[in-house]
Amino acid sequence: MPLPVPVPPEGVDPAWLPDEAFRPIGTRRTLVRGSGPLVDTVHGEVARACERFGGRVERDAAPGPFDLVLELTGPQELGDEGFTCRREDGRTTVGAYGGAGLLYGLLHVVRLGEAAFHGERQREYHEPALALRMLDHWDNVAVHPVMGQVERGYAGGSLFWADGRARGELERVRAYGRLLAACGINAVAVNNVNVHETEAHLLTDRIGEVAAIAGALRPYGVRTHLSVTFAAPVVLGGLERADPLDAGVREWWAETTARVYEAVPDFGGYVVKADSEGQPGPFAYGRSHADGANMLAAALDPHGGTVHWRAFVYNHHQDWRDRTTDRARAAYDHFVPLDGEFAPNAVLQVKHGPMDFQVREPVSPLIGAMPDTRLAVELQATQEYTGQQRHVCWLGPMWSEVLRFRLEEGACAGELARGGLVAVSNVGDDPFWTGHPLAQANLYTFGRLAWQPDADPHELLDEWLGLTFAPVPEGLCDLLSGSWRTYEKYTAPLGVGFMVQPGHHYGPSVDGYEYSPWGTYHFADRDGIGVDRSVAGGTGYAGQYAKPWAEMYESPQTCPDELLLFFHHVPYGHVLKSGKTVIQHIYDTHFEGVAEVEEAVETWASLAGQVEPGRHARVAERYAEQLRSAREWRDQINSYFFRKSGVPDESGRTIF
Ligand code: GCU
């Protein structure tokens with residue numbers, strides 16, 4: 001039986017799956033062959049397209065004059081999610097071994113559009129490079145007094161929860177699963193990594209609410225995961241301790257996990273933030289993080305689940321006077337000694353940079369330093385430090401640089417992420433899903449990069465544009481393609497980071513974190529700026545890299561310009577590889593960045609009439625705020641460094 005396609009509520013943006021994208025399929029004759037729930041999804045998709053556009057679909061009929069055949073036959077080596085695609089004798093054929101593969105094959109044909117039905121096509125093999133392609137929702141069930149419904153969320157409320165309860169809008173959740181499948185995402189964690197009191201109960205007495213979400217996502221091949229608190233045996237089970245080596249604690253987790261699987265048979269597993277920013281963890285019992293993770297891995301193992309254990313462990317009560325402690329070192333220092341100790345179904349989830357999702361950071365050296373541990377790399381789609389979905393900041397090029405970065409001889413981050421690629425979700429209940437309509441490009445690009453980490457992000461951007469805007473207005477691609485660099489220009493310079501307003505992290509505050517306990521300093525004084533992380537005279541962080549990076553980062557002469565202040569404290573007159581001094585670079589990039597936003601605002605205005613009016617208005621409103629904010633950044637940063645250094649701008653522009 002075909003499964004009906006979800007219909008999101010009136011007014012919700014179709015994003016990269018507008019009906020039009022199905023026209024090439026919907027006008028033709030399709031045969032769907034095979035059985036299983038995901039094949040029913042495929043059948044439903046084609047049936048709905050045919051209803052709309054006049055084509056015809058049959059299930060398991062004898063071969064006849066079909067234009068498209070979607071069949072469950074393909075080679076077993078392709079795994080559940082791979083597929084083949086070929087075209088010969090006027091017929092396009094997609095073959096897959098598993099239902100998920102067939103669904104991805106159908107969506108591949110959607111992306112190809114008319115081109116799927118012309119000429120000949122040799123058999124192509126497609127399969128995801130990474131088995132786990134996951135979004136972590138930092139959604140709270142109960143509205144948190146400081147963080148709200150969605151921690152670091154900039155797209156309205158949660159799709160799953162409102163005011164302490166499950167929203168129950170499962171049709172929208174189904175539509176969400178459909179969008180995720182169409183960019184290759186196959187896993188979702190439905191609650192915040194900071195697990196507060198209400199949310200802790202999702203694991204036990206409220207697992208039914210999780211099961212309902214899982215049921216809505218399942219037809220699109222998306223498995224559900226849950227963030228849990230390490231203290232669950234105490235806060236939920238009434239035990240006195242949560243010691244991972246205590247037999248009673250282990251038994252509690254085993255029984256609790258078995259009940260989770262009764263409710264959600266294909267449950268993906270747990271996400272855990274332990275001993276991090278105040279969350280409980282194994283340190284309280286003198287145990288290691290491997291002990292903690294392995295206890296949960298043991299509970300999940302009989303059911304085929306995985307624990308995602310986050311490596312975001314650092315001292316957030318640092319004394320700013322102490323220049324020897326370096327937050328950038330923390331994840332490596334904590335976890336490298338544990339390499340080889342984690343269970344096979346324990347995945348260590350590592351943020352892509354050593355700090356916290358800044359606009360520019362080096363790639364975390366931890367990713368290359370744990371050959372005997374399954375690692376997942378965590379990215380942040382929600383734009384906490386990159387404009388909070390009020391600024392256009394397409395992160396594709398940044399993520400691609402991370403994934404292609406060769407940490408070890410021969411292996412890049414995208415290959416070392418054997419435990420998967422994860423992003424913190426940027427989605428909420430906003431009609432455009434992501435608040436800023438153009439921020440959808442981040443979600444789409446993330447999913448596609450998780451499928452193929454060495455893909456050219458600009459090709460993925462073209463794909464997103466082609467699906468979302470047909471036809472793609474002239475100039476739109478340029479607005480997005482350089483937007484990350486533009487954002488970097490008018491915000492914190494040369495890898496320095498964290499010059500943001502404390503707490504909400506939006507807008508400039510050069511000294512906002514300078515005397516705070518968070519370990520995020522820039523050390524600007526009248527002579528210079530930056531953090532000395534060299535081995536020779538600094539915190540030694542540069543030495544956490546393998547060759548050639550350790551040597552390259554060690555010296556200001558060889559360190560790449562864009563990371564100079566991350567690794568070195570240099571005088572304002574230090575000459576960059578670009579030939580400019582650091583101070584002149586700061587002035588120039590800040591003026592340039594704002595000029596680029598001004599130009600983008602004009603380009604967007606000129607597209608009125610070519611873009612759906614609601615979408616155009618929303619983006620125009622966001623651009624007005626981006627421009628205001630970019631000017632604020634420029635003027636505060638330039639004024640601050642002019643006042644500190646006393647060095648005038650060579651071009652004599654206005655600095656306050
Ligand atoms: C950042 C973010 C927090 C989040 C944390 C994490 O510090 O500001 O809101 O909880 O990352 O990744 O756990």
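Let's start at the ligand: one of its oxygen atoms has a polar side-chain atom of Arg-310 2.6 Å away, a polar contact in the sense of a pair of N or O atoms within 3.5 Å (within protein, one must be able to donate a hydrogen and the other to accept it, and residues adjacent in sequence count only if both atoms are side-chain atoms). Lys-351 also has a side-chain N or O atom 2.6 Å from a ligand oxygen, and for Glu-384 the distance from a polar side-chain atom to an oxygen of the ligand is 2.5 Å. On its own the ligand has 320 Å² of accessible area, and the protein covers 96% of that (Shrake-Rupley method, 1.4 Å probe).

A word on the model: it is predicted, so local features need pLDDT of at least 70 and side-chain atom pairs count only at pLDDT 80 or more, while totals for chains, interfaces and linings use all residues. Numbering runs from 1 along each chain as its sequence is written, and side-chain values use heavy atoms, with hydrogens and water left out.

Back to the ligand. There are 13 residues around it, and Glu-151, Lys-273, Arg-310, Lys-351 and Glu-384 come nearest (near means a heavy atom within 4 Å). Sorted by class, that shell holds 8 charged, 3 nonpolar and 2 polar residues; Asp, Glu, Lys and Arg are the charged ones, and Gly goes with the polar ones.

Arg-310 has another partner, Glu-378, which it meets in a salt bridge with an N to O distance of 2.8 Å. The rule here is a side-chain nitrogen of Lys or Arg within 4 Å of a carboxyl oxygen of Asp or Glu. This pair ties together distant parts of the chain, since Arg-310 belongs to strand β15 (residues 306-310) and Glu-378 to strand β17 (residues 374-380), 68 residues apart. Strands are DSSP runs of E, at least two residues, and helices are runs of H or I, at least four, numbered from the N terminus. In total, the count comes to 46 salt bridges.

Now for some backbone details. Ala-470 and Pro-471 are joined by a cis peptide bond, omega about 0 degrees, and Pro-471 sits in the loop between α14 (457-468) and α15 (476-481). A cis peptide bond also joins Lys-547 and Pro-548. Asp-275 is not a glycine, yet has a positive phi of about 50 degrees.
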